[in-house]
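Take a walk through the structure below.

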Amino acid sequence: MSGRRDILIGAAAILTVGGGWQLWIRRPKPFAFEDMVGLPGWRRIEFTGVTIAACRMPR
Amino acid sequence: MIGLDDSEAVSSAPLTAAALCDALYPGRTTRRTPVAVFSDFFCPFCRRLIQMLHDRQDSGADDIEVFWHELPLLGRSSEMAALGAIAAGLQGRYATYQKMLAATQFRPTERFLVETADMLGLDTERFTRDLSRGEVETALDTSRRAAGALGVYGTPAMTIGKTIVMGEVSEAEFDRLIALETDRETGC
């Protein structure tokens with residue numbers, strides 16, 4: 001009986017830690033805006049990664 | 001990179017800062033937060049963004065006013081599709097045409113574009129004429145110049161009020177950006 005209870009407690013602990021970890025890594029992060037030189041009032045934010053690199057203007 | 005065509009670079013001078021808001025949000029009529037979207041039909045991330053924004057509007061969200069801008073960067077096919085969407089817009093059907101193209105795998109021949117217009121009940125004779133009309137080219141050029149002025153070098157890209165957003169964003173991130181810009185009231 002106590003073995004089964006220990007397993008349940010262990011599983012609950014794993015789920016709690018796992019869920020907490022997921023919440024932590026998916027938490028909303030502050031945005032990092034940059035002011036635009038030459039465009040007063042404008043600011044810019046870039047979400048880096050493959051998305052913008054895949055469809056970019058030729059240089 | 002595959003698919004890039006050197007002839008597709010921005011060809012016109014960028015817009016001045018003063019002209020930007022009018023170019024991005026032409027005929028803005030509401031006080032909802034304006035969002036200008038730069039996209040290319042052959043950019044898969046743009047298709048996802050287009051779908052997300054249409055889904056958002058279909059779900060009844062009424063906090064933004066979306067202005068679509070074609071920025072075809074991936075060659076002649078992208079440009080053809082962009083011209084088709086703008087030509088459909090001259091008949092008031094841009095969003096429907098765009099939604100259909102974004103949900104379809106296609107080669108944008110003129111025949112395909114006209115058949116799509118026909119399927120959506122557009123005047124196909126007018127559509128065919130419009131494909132090569134200056135008004136369509138001008139709309140495309142204005143979007144390119146606005147992109148140039150903002151330093152937009154790829155798609156998907158957006159402006160939300162006076163915030164430039166480069167790259168793909170999640171729906172949650174988009175909602176947060178809308179809330180921040182609405183609070184900022186920059187007057188664009």
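**Contacts, fold and cysteines**

In chain B, 72% of the contacts between residues at least 6 apart in sequence join residues at least 24 apart. Contact here means heavy atoms within 4.5 Å. This is a predicted model, where local features need pLDDT of at least 70, side-chain atom pairs count only at pLDDT 80 or more, and totals for chains, interfaces and linings use all residues. Residues are numbered from 1 along each chain as its sequence is written, chains are lettered from A and ligands numbered from 1 in the order in which they are written, and side-chain values use heavy atoms, without hydrogens and water.

Chain B has eight helices and four strands. Both are DSSP runs numbered from the N terminus: helices are H or I with at least four residues, strands are E with at least two. Their order along the sequence is α-β-α-β-α-α-α-α-α-β-β-α.

Of the 188 residues in chain B, 51% are buried. Buried means under 20% relative accessible area (1.4 Å probe, protein chains only). The chain exposes about 8300 Å². Carbon and sulfur atoms supply 49% of that area, by the Shrake-Rupley method with a 1.4 Å probe.

Now the loop between α7 (134–150) and β3 (157–160) of chain B: B:P156 sits there. A cis peptide bond joins B:T155 to B:P156, with omega about 0°. Most peptide bonds are trans.

How many disulfides are there over all chains? The count is zero, where a disulfide is a pair of cysteine sulfur atoms within 2.5 Å.

Key:
Buried < 20%, exposed > 50% of the residue type's maximum accessible area, 1.4 Å probe, protein only.
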